[in-house]
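Trainee: Could you take me through this model? I would like to start with the overall fold and then look at the details.

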Amino acid sequence: MQKASWRTCSHTEELAIQHPADEKLQEKAWGAVVPLVEILRIFSEVRSSIKRSSGSLNKYPVFSHPASRARFAEILHFTLRFDELKMTNPAIQNDFSYYRRTLSRMRINNVPAEGENEVNNELANRMSLFYAEATPMLKTLSDATTKFVSENKNLPIENTTDCLSTMASVCRVMLETPEYRSRFTNEETGNGGRHNTL
């Protein structure tokens, strides 16, 4: 597992806020924040995908097959890494707030906004609610699992509880075993100092 980081443009945003009449600075800050918001939009679509898939699995005993358990483990791994990054980087919400404020100001002044087509006001509202959660992906995964179980009472509840119990047991063993714990530490500090980014 490698460390991840969020490439923020907060310094540029601060300068743009401090100097609202400087058009070049405004354009630079906007140009920096639009790609970041596109990344946030993509991850909010992952959330929507997780929510949708919970209802489409009703014919399959998802957690009873080893391959499904492995896929669920990958989703859980992604969920925890995403939420860790979100919790440790307030710049994510700050960048999105800057985007929304700037977009609103541009609309008031009838200035065309690059990237507005990708994140309209309705989508921005949904994204804002999603990123306001402390652990947005874990909440989504938890809600989707709960919905799946409640809507599929014909499936044995043991399939789901056994899978979740297995995941918890594996995590406990990994944390309690020094050899496994050291592997995670080595992987996080390795890779020549390179970092993954969202």
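**Fold and details**

Mentor: Along the sequence, the protein follows the pattern β-α-α-α-α-α-α-α-α-β. Please bear in mind that this is a predicted model.

Trainee: How many helices and strands does the protein have?

Mentor: There are eight helices and two strands.

Trainee: And what share of the residues counts as buried?

Mentor: Of the 198 residues of the protein, 30% count as buried. As for contacts with a separation of 6 or more, 78% of them are accounted for by residues 24 or more positions apart.

Trainee: Let us go to the core. Which residues have the most contacts inside the largest nonpolar core?

Mentor: Those are Trp30, Phe96, Tyr99, Val119, Met127 and Tyr131, in a core of 31 residues. At least two residues of this core come from each of H2, H3, H4, helix H5 (121–132), helix H6 (136–151) and helix H7 (157–176).

Trainee: Which helix supplies the largest share of this core?

Mentor: H2 does, with nine residues.

Trainee: Now the aromatics. How many aromatic pairs are there?

Mentor: The count comes to eight aromatic pairs. One of them is formed by Trp30 and Tyr99, whose ring centres are 5.0 Å apart with the planes at 10°.

Trainee: Why is the pair of Trp30 and Tyr99 called stacked?

Mentor: The angle decides it: planes under 30 degrees apart count as stacked, and the planes of Trp30 and Tyr99 are at 10°, so this pair is stacked. The pair also links distant parts of the chain, with Trp30 in helix H2 (residues 23–56) and Tyr99 in helix H4 (residues 91–108), 69 residues apart.

Trainee: Are those two residues buried or exposed?

Mentor: Trp30 counts as buried, at 6% relative accessibility. Tyr99 counts as buried as well, at 1% relative accessibility.

Trainee: What about Phe43 and Phe82, and how are their rings arranged?

Mentor: Phe43 and Phe82 form a tilted aromatic pair, 5.1 Å centre to centre with 45° between the planes. This pair links distant parts of the chain too: Phe43 is in helix H2 and Phe82 in helix H3 (residues 66–88), 39 residues apart. Phe43 is buried at 14% relative accessibility, and Phe82 is buried with a relative accessible area of 3%.

Trainee: Which residues form an aromatic cluster with them?

Mentor: Phe43 and Phe82 form one aromatic cluster together with Phe78, Phe130 and Tyr131. Tyr131 is also among the residues with the most contacts inside the largest nonpolar core.

Trainee: Why does Thr79 count as buried?

Mentor: Buried means under 20% relative accessible area, and Thr79 has a relative accessible area of 0%, so Thr79 is buried.

Trainee: And Asn159?

Mentor: Asn159 lies in helix H7 and is buried, with a relative accessible area of 16%. Its C-alpha atom is separated by 9.9 Å from that of Val149, ten residues apart along the chain.

Trainee: Changing topic, what is the volume of the second largest pocket, and how many residues line it?

Mentor: The volume is about 380 Å³. The second largest pocket is lined by 16 residues, of which Glu23, Gln26, Thr102, Arg105 and Met106 lie nearest its centre.

Trainee: Where does the lining come from, and what classes of residue does it have?

Mentor: Helix H1 (10–18), H2 and H4 each supply at least two residues of the lining, and the largest share, five residues, comes from H4. By class, the lining has eight nonpolar, three polar and five charged residues.

Trainee: Gln26 was on that list. Which residues does His19 touch?

Mentor: His19 touches Leu25 and Gln26, not counting residues up to four places away in sequence. His19 lies in the loop between H1 and H2 and counts as partly exposed, at 39% relative accessibility.

Note on methods: Residues are numbered from 1 along each chain as its sequence is written. This is a predicted model: local features need pLDDT of at least 70, side-chain atom pairs count only at pLDDT 80 or more; totals for chains, interfaces and linings use all residues. Side-chain values use heavy atoms; hydrogens and water are left out. Rings of Phe, Tyr and Trp (its six-membered ring) pair if their centres lie within 6.5 Å; planes under 30 degrees apart count as stacked, over 60 as edge-to-face and the rest as tilted. Helices (H or I, at least four residues) and strands (E, at least two) are DSSP runs, numbered from the N terminus. Buried means under 20% relative accessible area, exposed over 50%, partly exposed in between (1.4 Å probe, protein chains only). A nonpolar core is a set of buried Ala, Val, Leu, Ile, Met, Phe, Trp, Tyr and Cys residues joined through side-chain atoms within 4.5 Å. On a 1 Å grid over the protein atoms alone, a cavity is a set of points where a 1.4 Å probe fits but cannot get out, and a pocket is an open set with protein on both sides within 12 Å along at least five of seven lines; lining residues have an atom within 4 Å of a point. Grid points are joined across faces, edges and corners, and a volume is the space filled by probe spheres set on the points. Ala, Val, Leu, Ile, Met, Phe, Trp, Tyr, Cys and Pro count as nonpolar, Asp, Glu, Lys and Arg as charged, and the others, Gly among them, as polar. Contact means heavy atoms within 4.5 Å.
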